[in-house]
Amino acid sequence: MRDDGSDLADCTAAAKAGDPVTALAIGLAARRSAEARGDHGSAAEAALAVAWACFQVGEVEMGLGHGEEARRLFGTLGLAAREVVAQAVVAWLLLETGLTEAAIEAALAAVGAAEPLGAAEAPGALEAESWAANVLAVVFWSCKQIDRADTLSLRALALARRHGNPQLVAWWLINLAGIRSEAGYRHAGLGEEAEARAALDDALAINGEALAITAPGGAHPAPWCARLALCNAAEYEVARGGLDAAEAHLARWEELPLEPGVRALAHFLYTRSGLLVRQGRGAEALPVCDRALALARESRNTDSRAHALRIMSEIQESLGRFDLALALFKQFHDTQATLAAEQVQRRVRLAELHYEVDRLKLRADELTQTSRIDALTGLGNRRLLDETLDRLRHAAQPFQVAVLDLDHFKSINDRFSHALGDEVLRRVGALLGAAVRGGDVAARMGGEEFVLVLPGTEDDEALAVCRRVQAMLSALDWREVHPALRVTASIGLASRDEAIDPVGVMALADERLYAAKRAGRDRIVAVAEGDGHRRVRAGGRQAAEALN
């Protein structure tokens, strides 16, 4: 152990060179050395470097402890911009462990702390704002709020370019490409082939810019980043049918220098096995995926193990071994249940390690009140809904309000677990975010009740949106959550011209929601009961509509 601070410089150099394995080892020694010298600033920088290296190699829980310590030390030293960066890294680590609600809180805290720094043009503000915007983009991405994620990712990238940090630029380009690819997958799922192709082409172009920076011979060679970009490029090519191009990307991956680390190696193995299946080479995919499964077991990574089991099940199915495929699929679901339990344990450990339980709850409540985002689903919350309705009070345009409630949700919680119920709410939130248009607002009222506000929308258009929501809800493969799970929703719909103000429209939609419940659930009611309106079928469900 050196006590002159040069080990921190070595750690930084390894990180910049894209060698997180070496950076982690040196960073741990650098932190011990700095603490022994009483150099709190260097100790904070070393802890932050260790946290990010842990993220890169997949040692997420270890990274959380170092990230929190870095954040605390920077706060004590009054280094506000560095504290924001540490907060952003902590948010990302929380997301990696599956603690989405805590990640949203941490990301919002980072953004909230970064904004005044940017306004004051404080030292380090550009980097801090860039990190904060990026991690909130990643959180929205994980919640399938793709439009919001894209906007924030573009802002993070612009800030990184202004800051002049090519490594940040490359990282954020990779994230933006991932977000664009997600949009492509969504279009593909809706049968919109031209839009899907365009989005994937866009993702490949953006990802290619990151490769031009980080690949050997690039402006800023960094093997870890290049590996990530190459695997992602292979995935995008597989999705668009470019199997030869995907093969070439993975061949380049194998030629890169330095040890890849568990996280990067697992990513490569999953991608490689998926490509082999698409090429009709299921027998060759088996040992590749088996290695990924062994790696997951060795690292005790339940999430990676679940992913490997799912792919292994698909491989066996492609080989016609349906009994084995079914057995592996059952193991996948068992592992998912274990993962849910582990996430609950992580929540408890996190509260015990970093917060007093009462203070954590108070902070979460305060954040929910001061923000406009529902922590569980990533949709708007009651505050955003109230503000939206208030704006519409004086607007001249028409609007519609739909109130949606999940049918028999209490029995889902009672039968399967509250953790599974939360997962249902997350998926419904992602679905609603995907179903609405750019100017619409999707919000969670609380519990299993959601609201869609549709400005500038006439009756027929609003009914079409509600039908689309029910069709998407029906099309979701709920077996991924639990084999016996089925989720439906009842919807009440009302328009501006039916009440004197937006609050009245909301109340009317709520009344019609309960009319839909009384009429048998899993349906849309768009008129009051007993008004002489006829009922017509809407996608296999009943919808009440007014006669023209």
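D150 sits in helix α8 (residues 146-163); helices here are DSSP runs of H or I with at least four residues, strands are E runs of at least two, and both are numbered from the N terminus. This is a predicted model, where local features need pLDDT of at least 70, side-chain atom pairs count only at pLDDT 80 or more, and totals for chains, interfaces and linings use all residues. Residues are numbered from 1 along each chain as its sequence is written, and side-chain values use heavy atoms, with hydrogens and water left out.

Back to D150: its relative accessible area is 15%, so it counts as buried (under 20% relative accessible area is buried, over 50% exposed, in between partly exposed, with a 1.4 Å probe and protein chains only). Leaving aside residues up to four places away in sequence, D150 touches L176, I179 and R180, a contact being heavy atoms within 4.5 Å.

V89 belongs to helix α5 and is buried too, with a relative accessible area of 2%. With residues up to four places away in sequence not counted, V89 touches L48, A51, W52 and W131. Take L48 from that list: V89 and L48 lie 41 residues apart in sequence, yet their C-alpha atoms are 8.1 Å apart in space.

Here are the two residues side by side:

| Residue | Relative accessible area |
|---|---|
| D150 | 15% |
| V89 | 2% |

The axes of α4 (residues 60-77) and α5 (residues 80-96) come within 8 Å and cross at roughly 160°; axes are lines fitted to C-alpha atoms, for helices over the stretch in contact, and angles run from 0 to 180 degrees between N-to-C directions. That is why α4 is roughly antiparallel to α5 (over 145 degrees is the cut-off for roughly antiparallel). The crossing of α4 past α5 is left-handed, meaning that the near helix is turned anticlockwise from the far one by less than a right angle.

On the α4 side, the residues in contact include V60, L64, R71 and F74, and on the α5 side they include R82, V90, L93 and E96. By class, this contact has 8 nonpolar, 4 polar and 5 charged residues.

Zooming out, the chain has 22 helices and 7 strands. Buried residues make up 52% of its 548 residues. Of the contacts with a separation of 6 or more, 64% come from residues 24 or more positions apart.

Key: Angles under 35 degrees count as roughly parallel, over 145 as roughly antiparallel, 65 to 115 as roughly perpendicular and the rest as oblique. Ala, Val, Leu, Ile, Met, Phe, Trp, Tyr, Cys and Pro count as nonpolar, Asp, Glu, Lys and Arg as charged, and the others, Gly among them, as polar.
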